[in-house]
Amino acid sequence: MNAVRQTTRSLPGLLFLALALALVALAAPVPRASAATGVSAVADALRKNPVYVDPAAAAQLSTADADALARQIKDADKPLFVAVLPAGYPTKDLFTNLRTATGVTGLYAVRLGDRFDARADSSVLPRTAVRNLVTSVQGESAKAQLTDFTDRALTDMGGKAPASWGGGSTGGSGVSSTALIALGAVVVAGGAGAYALVRRGRRRHEQEQRAALDRLRVVVDEDITAFGEELDRLDFHPAESGADDAMRADYERALNAYDQAKAAMADARRPEDVRAVTEALEDGRFSLAQLAARRTGTPLPERRPPCFFDPRHGPSVTDATWTPPGGAPRDVPVCAADAARLADGRDPVVRQVDTDLGRRPYWDAGPAYGPWAGGYFGGGILPGLLIGTALGGWMSAPAYAADYGTGYGDFGGFDTGGYQGGDVSGANFDPGDFGDFGGGGGDFGGGGGGDSGDFGGGF
């Protein structure tokens, strides 16, 4: 009886203590979901599932919609990662840090509040393609935007989904330990075989690159030699009568371009490395054109691409309509001589190169010539010039980007160390692919005034 009375008397005290503890808990600051969900946590979630929705952004995309989006990506077997984050989420270096923490080669799309942007490894999707995809979905609701972006990206991108998305739990499945051990042995054996296959594949890839570079080297050496002969024919002496500082500066730039081209070719190890060579030669030829105009007193030439049919012809002077065999007409930059030939109904003088099928125009010679042509013409106009040709077809396909580490949008020499879409490459990736395209080092663009890193509401 005394024990009962003691317990009864203690009840008010226990209730008071419980109430006090509850008040303390309520008074304690509640951590924000966006602050608690760091980049590492987002990356860990994306390694397990292609779609991550931050708790603080749950109103943007329902669980059912997120699951449907994830199923679509998994079914397509593509390395597309989608993150939905709250508007206040820190944006500095977000894509670069997310790609580093995830460690998987792929395409990364982020919806942040009502803004949207994306970045990709160039072996999965070229920068130009990423930019165009982002632009095409700006201003849509979260569900429509992410659905449309996913639909369009999956048809364009290369690579395979990471293996980590296919894992499942064995808990409660009733699988015996003996079966698990046997399965483990099979996995180990299969892993060893897969590793051997990967090594053989990479060795074959390296051999193919070396063979392509050896064939390409012949063409590039011809270009360098031709430019050196132009320098000799010019017969300009900085101290000659009538020479001024502008002429000497043109001549010095041309000489420097010649030296740069030779050095870049000597250092080339892959087909995409020759872009630096042809870029230097294009700069040098324009400098020679300026010098020639100054010496004759004629108007200085405008900066135009080289002649499409053979860059050794020098800078183009106009655009002319040309129709490739089996293709549609298009305007291409041409030199004066080729413009006259086309106007007379004659064939232009086309740069021919050696192939397994004999001499062919460079645009029918294989994907290794993409970087070579890209150095001369840049990524802005070349895809349009080559539509309907073999090289144009290669450059627009994800396989071309995977083979040579570059996409048709810029022909850069991006080295992913042999990693294709979905491979675990860790921090081995080109941060330029994930930074602000305007040079902001990964900062979000802020949406102002036509910044090249902002695509109509992007980061």
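This is a predicted model: local features need pLDDT of at least 70, side-chain atom pairs count only at pLDDT 80 or more; totals for chains, interfaces and linings use all residues.
Is the crossing of H6 and H7 left-handed or right-handed?

The protein has 459 residues, and 42% of them count as buried. Its secondary structure comprises 14 helices and eight strands. Now the contacts. Residues 24 or more positions apart account for 65% of them. The accessible surface is about 22100 Å². Carbon and sulfur atoms supply 56% of that area.

Next, confidence. The average pLDDT is 75, and 67% of the residues score at least 70. Strand S1, residues 51-53, has the highest confidence, at 96. Helix H14, residues 398-404, has the lowest, with a mean of 37. Two stretches deserve a look. Residues 1-9 have a pLDDT below 50, and beyond near neighbours in sequence they make zero contacts in the model. Residues 396-419 are also below 50. That stretch, though, has 72 contacts beyond near neighbours in sequence.

Back to the helix pair. H6 covers residues 127-136, and H7 covers residues 142-156. Their axes lie 10 Å apart, and the packing angle is about 160 degrees. Angles over 145 degrees count as roughly antiparallel, so H6 is roughly antiparallel to H7. And the handedness? The crossing is right-handed.

Which residues meet there? From H6, they are Leu133, Val134 and Ser136. From H7, they are Phe149, Arg152, Ala153 and Asp156. Have those up on the screen when you look at the pair.

Conventions. Residues are numbered from 1 along each chain as its sequence is written. Side-chain values use heavy atoms; hydrogens and water are left out. Helices (H or I, at least four residues) and strands (E, at least two) are DSSP runs, numbered from the N terminus. Buried means under 20% relative accessible area, exposed over 50%, partly exposed in between (1.4 Å probe, protein chains only). Contact means heavy atoms within 4.5 Å. Accessible areas come from the Shrake-Rupley method with a 1.4 Å probe; for residues, only the protein chains shown count as cover. pLDDT is the predictor's confidence in each residue, from 0 to 100. Axes are lines fitted to C-alpha atoms, for helices over the stretch in contact, and angles run from 0 to 180 degrees between N-to-C directions. Angles under 35 degrees count as roughly parallel, over 145 as roughly antiparallel, 65 to 115 as roughly perpendicular and the rest as oblique. A crossing is left-handed if the near helix is turned anticlockwise from the far one by less than a right angle, and right-handed if clockwise.
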